[in-house]
Every structure is written in C-alpha cells, then in structure tokens.
Amino acid sequence: MWRDSLKVARFEALKMLKNKSFLISILLTPIIMVAFGGIPTLLQRIDADQPFRLFVVDELGVYAALETLASPELNVELAPFTGTLSSLKEKITGESTMGFVVLDQTALITRTATITIGGDGMPELTGVSALLSAVLRHRALEVHGVSAEVMGLALAPFHIATVSLTQPDDMFARIVPMVFGGLILMAVFITGMMTLQSAVTEKKDRMAEILLSSVSPDSLMQGKIIGNCLLGIVQVGTWLVFGIAAAQYYYNVPVLDHLATPHLPLILFFALGGYLLYAAVLVAMGATIEDMAAATNFQSMVFMVPMMPVLFIGPVIANPNGLVAQIGSYFPFAAPGVMVMRLALSTTLSAVDIILPAVVLVALTGLMMKLAGKIFRTAMLMYGKSPTPTEMWRWIRQ
Amino acid sequence: MRELLDVRNINKTFGQTRAVQDLSFSVQAGEIFGLLGPNGAGKSTTIRCILGIILPDSGEISFAFSDKGVPRNHIGYLPEERGLYKDVPVLDIILYLASLKDYPVQKAKHRALELLEKFGLPGKGKAKVEELSKGMAQKVQFIAAVIHEPRLLILDEPFSGLDPVSQDILKSEVRALAAQGTAILLSAHQMHLVEELCDRISLINQGQQAVYGRMSDIKARFADLKCVIRGTNLSIDFEDLPSVSRVEQNGDKTTLYLKRNASMRQLLKELPLAVEIEEMRVERISLHDIFVSVAQGGGQHVAR
C-alpha cells in the first residue's frame, strides 16, 4: 500500500514542480507578502507629497519655537495667522490638507489644543501633535518660572528597554525562530490548501474513478498528502535560501546559527503533525466538492480550520507560558501553531509541556486520518451534488 | 474457454435502494461480454464492485488469476465518467497510470507511442489534454486503460462521443485484444455495436438480471417476429388481433410485435381489409427491442 502511496506522491509532486505557475508562485509569494506590507505606506506617500498646511493662532508666543523644532519629516507646513477665526475658517473650509490650531491661555490651563481640519479625511498629524505638546509643556513650565536647564532635564525622554532573564539579549536570536515558526505555519496552511485543491481537481477532471481502479482510496489520499508535503518542503526550502541570503547580506544576521537551536527538531515535528492533521481534513473536504465555487457554507467553514492558530498569536507572543498558551497547546487544530510559537518563544518549557501536546497531536492526527479516509473513499465517487454533513457523519460511522 | 472473472450472487444496497440484487455472471478469456441495462440499472455499481472500488454487501467475486483480493494490476478500466488531468502531457498521464499498475516504464513508453500512432495521435505525447479534442482525449483514455496489457478489460460506454471512423478503430482494437486472450467486459448503449461485438451478454434491470446467455441463444429465445407496416392506419385497432402482443404506432409506421409461436400467415389472415399497406416487412426482434422491452419491465426471462 505504501508503494502505491509513494507513486501517487511522486506524481503529485512532479506534476506541480513541472508547472510553471507553481514555480513562479513559490518565488512570488514572499515578494507579494513584502509588497503587501509595504504598499500601504507607499500609497500613503503618494498623497503625502502635498504637505499639510497648519495655521497657528499663537497667543502664547511659541510660534518661533515651533518653527525651529519642526523637522521636514513631519511633512507639515506651519504658518502664523493673525486674522479672525471666522475668516480663517472660511479660508480653509473644504481643504483636507489645511487646518489650524489655537494656542492660547485656555489651551495651557486645560492642557488641550485642538487641530481643526478644513475638509474630510484624517491626515497623519502624529508628529506635529507631539511637537505642539512638547512646545506647550515647555511654555507651561516657563510660566511657572522653571529654568531652561531644569526644563531640559525634565522634558528629556527616558529610554525604557525590556530584557528577559531567560531569553537571549540579541534581538535577532529571539526573532529568527519566531519568523521561522511563522514561515512554517504559513507553508503548512498553503500546502494543506494544495491537498484540497488536488482532490477537487481530480474530482473535477473525473480522474478519481480511474485512479481508484488502480490504487486503494487510502493510498490515493496518503499519496496526495505526502506529495504535497514534499512540495511544502520545497517551498519553505526556497524561501529559506532566499531569506537567509537576504538576512545575511542586508542585516548581517547569522540566521542559521539562530535556527540551529535544540528546539528546531521539535518545531519541525509539530509543524509536520499540524500539516498531516490539516491535510487530512482538507483533502477529505476537497473530495466532497466538485468546484471551489460550489462549496457549501459548512465546507467553507471547515476550510478555515487551519487558520485557528491565528486566534492564539497575540496571547502566545505576549506570554508563551501563560494560561491561553497552555490551553491552546491541547486545543484541536490550534495546537500545532501554538506549540511552534511556544517552542520558538519560550525557553522554560518543561518536558511535560512538550510531550503531552505531542501525544495529543499524534492521536488526533491518527484519528483524523482514519475519519478523512472514510469520507474520501465515498465522496470521490460522488458526482453532481455535495454531500450534507449528515451524510458525511453516516460515512464516518460506517 | 477459461473463466477469468466469476461474479456470484452479489448484492449491494445504498440506503433504501437495492442497486444490485443477486447478480451472477462470468467472463471468459478471449470473450467480449456485454453488461447491458438502462440507466440506473446497476451496471456501474457492479463494475465498481468488480474493481474493488466498493464492496458488495454479499456474494462473491473471484478472478482466475488471483487468489487474494482484486488483481488491480491485471485489470484495465475505461469508466463512463470520462476524464484526464487537463494540464498534464498525454504521455505523462499514460506512464503514471501504467506505473500504478506496476508496468515497466520503458515498456509502457514504447507501447504508448505505438498506440498513439495506431489511434491517429502521433506526436501528441507531449500535448496537454486540454489541447486535444474530446474524441482524441477519449482515445488517450482508452490507451491508458490498455497500456499495461490487462487480462481483464472493463469498458464502460467506450463508444459514446466517438465519430464512426473512431468507433471502427476502437471496435477492431477491442476485437484484436479479445483475439489475444483478453477478457472484455463491455457496457454500452449502442445495441447494434453490442450485437456486433459481444459473444454473451447480461441484461440487467433495476439491479436484477433479466437476460443472460450467448447472444445467439438469446436471439433464438427471443425469436419473436415483428411486422412493420407503412401506411395510414391510425384508426385501426391492432391490439385486438389474436397474434399481436404489442403495437407501436409512429405516424404512418406501425410495428406489430407478434406473440410467441404466432406466425406471419396467421397475422395476414387476421389483418382487417381496411389496413392500408404501402410497404410491409417482417423481421426478428433486435437486441435493441429486447433491451427496450426489458427496460420497460417486460423482459423477466432468464436465459442461461
């Protein structure tokens, strides 16, 4: 049976590796992800070419200080205004890149100053707000007769650093395993979806019956899972080659040194377990539909199962040994992701913390493979309609 | 001839539906055996049971060339649901399917190129299936079904969608395979092709075997006559004639199916004088007629 599975796996992997669009997608995925991270900033910059013009109604005599401290990075053009407020409002009404601020005694007493914008939108004014705040604080201290020297000391910011007694001081030593874990989870998700797509295509192309006349349904399913796992390894490998080269070249970060931790085999174990778990669910679901567009609400919900670890990212990063992280380690479908994150972030995991979730994961994966096999063997030969959850439950019980 | 496949009293039920009921037949080496029946009769379920894709609830399926389980590597299958990977080259698909049957790759490659040439597809090995016409893809699928030189070949509707020239090529290939000793289980709806090709048939309806035996025996058993009269006879009631069991009228064509043992002489005596006869012919009923009769529930005869 394993011989048949390996034959199917080989074909699945080679089919994709010969496919130009797949090869391009391997290279493009990281580029697209970086682009999606950077595009919003770039788009913002297009409009930011036009600076925000801020009229200052200065009744405190601080305009000169404002102008001195304003840096070009603020992208704000300051202008003093001495006319009436109504004429100023009339002047800027409808202009999204214009506004005014009144700096008077009330602002000093209430410790509040309001920037009024002429039109719609919410321009980026964080920098100028901080500048106004600094100048007003300075003025307030001046009013109370504080000397410039004391004022300088009082207003100078403190740098607050965070260090951990258990984690290395080197920022990259902490970030690299985390990024690697994230990369693996992303690959697990993408590869899991590929097994689903593979089953859907086989059904759509009406290949299922021919294949099932040659191999058992279990061999076919296992072959798909193994084949796509190999593709996932190729995918992650390619990303790592480029990622490591880029990190070494641009930031001089010894990524391999940071990756070669004792936890690496465990991270890979949980990632593989997670992949097998998700792939079993997704390939069985793929067998139940003929077209992705025809997926029912129930099927679409199941497709989202591999996304479950996302719910745990925030709490686990904040405290990889906390209650949420511990619960997540045993929560079906979240466990692989949570454990990969915990192994990357925590240095105080005990053997029990690792072994118990591993046992649960192995048991769950075995069970899921069995159930998925039952759905897969019947669903692959069903044409023209999607099975209902009740029907799937009946196949599982058979 | 040696029996390669023996299907004995198999039953299969899906929920409340009895898809196959107590079905038995055998297929011999070098024989072309027709498994016939209307849509939903249980043919595909029977074929899936033979292939081990699904298991019968009861009954036994045995193969002369295997003591344990379904000898998948020795069975070729062309399913009714046609399909191939659309974005994969033809040769890659054929070689993949051959490898699943444990057939040597080099031999498969050699045979594939030979068969592509034979079926009028030379040089198409590197073409993707999506680049081929429907008929061409069907030929590729047939090649994939026979690439590993199966001992039992199951063909489910192999002629549908093929033009007459391609049908002839396929017919001669099927005959050639049978002549080489391959047992062929053929399911088709083109009764004239079945009559032409098959040595024996099993006609099933609603999961049950209605007719089974040698083609010549069945035709002799169903040796009833039918009389086709051309003329305007819509007002005449032929059903009352003692020799007639069934009447079909279509415009100016009237077909009278004679009762068993009824003779033409007797029918001619019974015909009313008012019958308008522009043309008249008498023939034995065809396999098509037997099929229609069974599909309509009128053929509960079992010839063994």
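**Notebook: strands and a chain contact**

I started at B:Cys227 and found it opposite B:Val282 in S13(B). I note at once that this is a predicted model.

Next I looked up the strands around that pair. Strand S10 covers residues 225-230 of chain B, and strand S13 covers residues 279-284. The two pair in the antiparallel sense, over six bridges. I then asked which residue is the bridge partner of B:Cys227 in S12(B). I found B:Leu256 there. Strand S12 spans residues 253-258 of chain B. Five bridges join S12 to S10(B), and these strands also run antiparallel.

I moved to chain A. Here I traced an open sheet of four strands, in the order S2-S1-S3-S4, with mixed pairing. Which strands are at the edge? I identified S2 (76-80) and S4 (115-117) of chain A, each pairing on one side only. Neighbouring strands of this sheet are turned by 25° against each other on average, direction ignored.

Strand S1 of chain A, residues 52-58, pairs with S2(A) in the parallel sense, over five bridges. In S2(A), A:Ala79 stands opposite A:Phe55.

Last, I looked at where the chains touch. The contact takes 15 residues from chain A and 18 residues from chain B. On the chain B side, strand S5 (75-78) and helix H2 (90-100) each supply at least two residues. I asked which element gives the largest share of that side. H2(B) does, with four residues. I sorted the chain B side by type: eleven residues are nonpolar, five charged and two polar.

Methods
Residues numbered from 1 in each chain as written. Chains lettered and ligands numbered in written order. Predicted model: local features only at pLDDT ≥ 70, side-chain atom pairs only at ≥ 80, totals over all residues. Pairing = 2+ DSSP bridges. Axes fitted to C-alpha atoms, helices over the stretch in contact; angles between N-to-C directions. Contact = placed C-beta atoms within 7 Å. Nonpolar A, V, L, I, M, F, W, Y, C, P; charged D, E, K, R; others polar.
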